[in-house]
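Points are grouped by topic.

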Amino acid sequence: MGLEMRKTCSIGLCQVLAALLLWWSAVLILCGGVNGQGSWETVVKNAGISTMHAAVTHFGNVVLLDRTNIGDSQLPLPPGVCRNNQQDRANKYDCTAHSALYSPGSNKIRPLFVQTDTWCSSGQFDGSGKLVQTGGDAEGVRKIRTYWPCADDGDCNWEETTTNLQVGRWYASNQQLPDGTQIVVGGRNAFTVEYVPANGRGQFDLQLLKDTNDAQNDNLYPFVHLLPDNNLFIFANRDSILYNWQDNYVVRKYPTIPGEPRNYPSAGSSVMLPLTATGGFKACEILVCGGAAPGSFSNPGRLAPASDTCGRMDPFAKDANWTMETMPQRRTMGDMILTPLGDVIIINGATKGSQGWGYASDPALTPVLYYPGAKSGERFQTLTGTDIPRMYHSTANLLPDGRILVAGSNTHQFYTFTGQFPTELRIEAFSPPYLGGTRPGLVVPGEMGYGEEFSGSVNYNGNLVWVDLSMASAPFVTHSYAMVIFALIVSYISVSWFGLVLFFFFRSFVLMVFVFRCRVRGC
Ligand SMILES: *[C@@H]1O[C@H](CO)[C@@H](O)[C@H](O)[C@H]1NC(C)=O
């Protein structure tokens with residue numbers, strides 16, 4: 001089951017493809033869920049840090065990251081290790097951690113060492129599975145940090161590279177590209193894009209970011225999705241474009257979405273709905289949900305009701321425009337997760353206010369499930385709620401076992417454990433209704449390249465009707481936005497009954513994925 005390079009590629013391109021290595025983990029989702037509405041579990045009682053950013057690595061463990069200039073955390077660095085940073089505004093000599101590795105198997109937390117300030121930074125895996133983390137505040141604003149993932153018993157850690165960003169970026173968004181590098185879009189007063197590694201590419205102006213920069217800077221953490229035609233969909237505030245990242249021009253502009261501003265600090269969220277074999281991996285739709293009432297960040301005392309709408313659009317349609325839908329609940333700071341079944345879960349956030357310290361109230365405690373394929377008006381289902389508010393500076397990530405890891409929430413400048421909405425150090429896992437059943441054996445290549453065909457097999461001694469195979473990317477999650485979240489779903493694969501062996505062959509536009517999911521429908 002080895003990999004074969006595309007016959008058409010040149011030697012140089014082959015090397016790039018070979019560098020786009022992927023790792024796989026497997027989970028089978030059977031019908032007959034744990035609980036019709038899902039269930040919650042607190043998996044870590046005190047992580048020691050509050051999580052502002054999080055990413056699941058190809059080892060299945062999770063990198064948690066806060067900011068560094070927040071004063072002592074409750075997670076000590078290893079004995080004798082301290083951070084000496086005279087530019088840190090809170091703690092120039094700091095022996096506590098501001099990043100950590102969480103292992104879902106053991107629920108253990110290992111402190112990680114970060115040198116410069118990661119406050120409102122951004123990140124993304126590169127084609128080799130390395131986490132690349134860019135920007136932040138103050139002395140961190142032009143930094144590029146890397147983290148080579150390792151197994152739970154490893155000792156990998158953050159490294160600061162000697163190359164800097166071309167311009168300081170605070171509240172930017174990163175998107176992995178088919179060449180294995182990433183584009184970094186925007187940031188506060190940074191109306192340009194650049195690439196990491198730059199490979200000779202400079203900065204390019206992006207007019208959209210200027211046009212959408214209102215009085216409260218609603219153009220931050222823009223939503224960026226790589227579409228199957230290799231262009232980028234870029235959304236800021238209420239406007240969006242199709243952008244050619246190779247030649248740096250705007251291919252087309254889309255109509256303004258009705259309703260509230262949707263990006264930071266108004267904090268809607270966005271996903272590209274899963275690309276399916278049925279759609280030839282070419283059809284796609286963008287979903288944007290939630291946001292804050294206009295001006296909420298500038299007038300935080302108002303605690304105005306958040307948006308209750310989603311907009312959905314086919315970016316390839318000739319007359320592309322948003323179709324609006326109403327959510328069961330208002331939500332700002334919601335996180336969106338693509339589920340292994342191709343649906344969307346919206347989780348975390350608040351029903352009033354916006355992002356900002358103390359700028360929100362009335363937490364949204366119940367997740368909702370959105371079924372893209374259901375009839376309009378029947379697409380939302382409300383799930384089991386938690387009693388832990390997850391508002392500003394919280395995260396949600398899909399784990400390889402299908403659960404959703406929920407961490408963080410700090411609506412204060414520093415760690416504050418008194419009063420309303422104390423800094424949250426607990427980590428929860430939400431088990432959505434699709435979980436349950438026995439896992440099959442799943443064999444797939446350990447790594448693969450962009451655009452590669454691959455084959456894999458599933459071994460299962462059960463009574464199957466058909467199998468859906470889905471793969472999801474592992475995003476870098478921060479500020480209610482999962483940078484690079486996409487899923488591919490291959491439906492209907494031939495089935496035999498005993499010692500089932502299935503082979504999958506397909507070619508898709510991009511396979512920068514490492515979570516491999518398989519669904520069996522037999523009941
Ligand atoms: C897009 O749809 C909205 C209603 O959702 C409508 O007001 C607007 O005129 C439409 N724009 C275009 C360009 O069709």
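Among contacts in the protein chain between residues at least 6 apart in sequence, 63% join residues at least 24 apart. The model is a predicted one. Its secondary structure comes to two helices and 41 strands, and buried residues make up 53% of the 523 residues in the chain.

**Ligand surroundings**
- The residues around the ligand are P255, P258, N321, W322 and M324.
- By class, this shell divides into four nonpolar residues, one polar and no charged.

**A four-stranded sheet**
- Strands in the order β26-β27-β30-β31 form an open sheet with antiparallel pairing.
- β26 (335–338) and β31 (380–382) stand at the edges with a single partner strand each, so one side of each has no neighbour in the sheet.
- On average, neighbouring strands of this sheet are turned by 25° against each other, direction ignored.
- β26 and β27 pair over four bridges in the antiparallel sense, and I337 stands opposite I345 in β27.
- The hairpin of β26 and β27 has five residues between the strands, and in it G342 takes a positive phi near 90°.
- Strand β27 (residues 344–347) is covered on both faces: V344 and I346 on one side are buried, and so are I345 and I347 on the other.
- Three bridges link β27 to β30, again in the antiparallel sense, and here I345 stands opposite L369 in β30.
- Strand β30 (residues 368–370) is joined to β31 by three bridges, with the two running antiparallel; L369 has Q381 as its bridge partner in β31.

**The β21 and β23 pair**
- From strand β21 (residues 269–272), S269 and V271 point one way and S270 and M272 the other way, and all are buried.
- β21 runs antiparallel to strand β23 (residues 286–289), and four bridges join them.
- The bridge partner of S269 in β23 is C289.

**A buried loop residue, L177**
- L177 lies in the loop between β13 (173–176) and β14 (182–185).
- With 22 other C-beta atoms within 10 Å, L177 is buried, because 20 or more such atoms make a residue count as buried.
- Not counting residues up to four places away in sequence, L177 touches Q182, I183, L226 and W245.
- L177 and V484 are 307 residues apart in sequence, yet their C-alpha atoms are 9.6 Å apart in space.

**Cis peptide bonds**
- The peptide bond from V196 to P197 is cis, with omega near -10°; P197 is placed in the loop between β15 (192–196) and β16 (204–205).
- Y264 and P265 are also joined by a cis peptide bond, with omega about 5°; P265 is in the loop between β20 (249–253) and β21.

- N237 is not a glycine but has a positive phi of about 70°.
- The place of N237 is the loop between β18 (232–236) and β19 (239–244), and N237 is buried, with 26 other C-beta atoms within 10 Å.
- H479, a residue other than glycine, has a positive phi near 50°.
- H479 is found in the loop between β38 (476–478) and β39 (481–483), and H479 counts as buried with 25 C-beta neighbours inside 10 Å.

Conventions. Residues numbered from 1 in each chain as written. Predicted model: local features only at pLDDT ≥ 70, side-chain atom pairs only at ≥ 80, totals over all residues. Near = placed C-beta within 6 Å. Nonpolar A, V, L, I, M, F, W, Y, C, P; charged D, E, K, R; others polar. Buried ≥ 20, exposed ≤ 12 C-beta atoms within 10 Å, placed from the backbone. Contact = placed C-beta atoms within 7 Å. Pairing = 2+ DSSP bridges. Axes fitted to C-alpha atoms, helices over the stretch in contact; angles between N-to-C directions.
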